[in-house]
Amino acid sequence: MKSTLSVSAIITALWLISSDVCAHFLAFFPEKQVIDAGDSRKLHFPIHFTHPSTQGPLMSIERPVSAGYMVNGTRVDLTEELKPVSRDGKSSWQLSMALRRPGTYTFFTHQAPYLDPTEDVVITQYAKVIVDAFAAMGEWQHTLGNPVEIIPLTRPFALWTNSLFTGRVLSDGRPAANVSVEIEYYNDTGVKIPSDAWASQEVRTNGMGEFSVSLPFEGWWGIAALVADDKPITVQGKKYEHEQAGVIWLQVQDMK
């Protein structure tokens, strides 16, 4: 018997193939990156897994392994404060915190391994965002000790549109040369993307693990450094390649 595919099934398949052109990003950032006098002290950090430039698809994720912040050299664990939320019918999470004092806070979250069935790979991302509260202008180069991490060489907050951001990628604490770094705009403003090729930008680190990117539009930008784990990871009794990524989120603002 000859089988046929419905139009909707064909469209869905093409959409899934197209979506793979975009990068996976663990979205993790609050309402604002710079908190000024008069702003709310309560911050909310939605945690979801998606393709930022196309705003989808959204993927369900398990509870993050950890979350918290570092400030003035002190690490604070907020994992127990994580709350499950449903976002477009998918399992996501949220972290909320009230700032008690000025400071430059490195917020972080460690994703539980995610099995991507379309690429037959397991993805683990370590995301962070540096928030400056009340003009503290404190330490913004904290090293969290993640397997893959982006250390900013440019101050990672209070950035103007078209700023040049430079960072260094560390893999197991050492500078990582010739590593792929993907950049995507969190496109909640409806910017038109000409084609799939424009959805994600890519640069490579130099011999010192350094890279630079320009941020040409107001809003949030995700930068992810991708490093393949030397060892496979086992999920549900099957071994998969393991892709690890250090992610940093930056907010830029127009001069008006």
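Student: What makes H24 count as buried?
Tutor: Keep in mind that this is a predicted model. H24 has a relative accessible area of 8%, and buried means under 20%, so H24 is called buried.

Student: Where does H24 sit, and which residues does it touch?
Tutor: H24 lies in the loop between α1 (7–19) and β1 (25–28). Leaving out residues up to four places away in sequence, H24 touches F49, T50, H51, M59, D116, E119, I123 and Q125.

Student: What makes the link between the side chains of H24 and D116 a polar contact?
Tutor: The distance there is 3.0 Å, and the cut-off for such a pair of N or O atoms is within 3.5 Å.

Student: Why are β1 and β6 said to stand at the edges?
Tutor: The sheet is open, with 4 strands in the order β1-β3-β7-β6 and antiparallel pairing. β1 and β6 (83–87) each have a single partner strand, so one side of each has no neighbour in the sheet. From one strand to the next, the twist averages 30°.

Student: How do you know that β1 pairs with β3?
Tutor: Pairing takes at least two bridges, and 4 bridges join β1 to β3 (residues 42–50), running antiparallel. As one example, A27 has H48 in β3 as its bridge partner.

Student: Is V181 buried or exposed?
Tutor: Buried: the relative accessible area of V181 is 0%, against a limit of under 20%. V181 is in strand β15 (residues 180–185), and its contacts include V169, F211 and I223.

Student: Why is the pair Y69 and Y105 called edge-to-face?
Tutor: Ring centres must lie within 6.5 Å to pair, and planes over 60 degrees apart count as edge-to-face. For Y69 and Y105 the centres are 5.4 Å apart and the planes stand at 65°, so the pair is edge-to-face. The pair links distant parts of the chain, with Y69 in strand β4 (residues 66–71) and Y105 in strand β8 (residues 103–110), 36 residues apart. Y69 is buried at 12% relative accessible area, and Y105 is buried at 4%.

Student: How many aromatic pairs does a search of the whole structure find?
Tutor: It finds 14. There is also an aromatic cluster formed by F25, F29, Y186, W220 and W249.

Student: What sits over the ring of F108?
Tutor: That's the charged end of R75, 4.5 Å from the ring centre; the distance cut-off is within 6 Å.

Terms used:
Residues are numbered from 1 along each chain as its sequence is written. This is a predicted model: local features need pLDDT of at least 70, side-chain atom pairs count only at pLDDT 80 or more; totals for chains, interfaces and linings use all residues. Side-chain values use heavy atoms; hydrogens and water are left out. Helices (H or I, at least four residues) and strands (E, at least two) are DSSP runs, numbered from the N terminus. Buried means under 20% relative accessible area, exposed over 50%, partly exposed in between (1.4 Å probe, protein chains only). A polar contact is a pair of N or O atoms within 3.5 Å; within protein, one must be able to donate a hydrogen and the other to accept it, and residues adjacent in sequence count only if both atoms are side-chain atoms. Contact means heavy atoms within 4.5 Å. Axes are lines fitted to C-alpha atoms, for helices over the stretch in contact, and angles run from 0 to 180 degrees between N-to-C directions. Rings of Phe, Tyr and Trp (its six-membered ring) pair if their centres lie within 6.5 Å; planes under 30 degrees apart count as stacked, over 60 as edge-to-face and the rest as tilted. A charge sits over a ring if NZ of Lys or CZ of Arg is within 6 Å of the ring centre and within 35 degrees of the ring normal.
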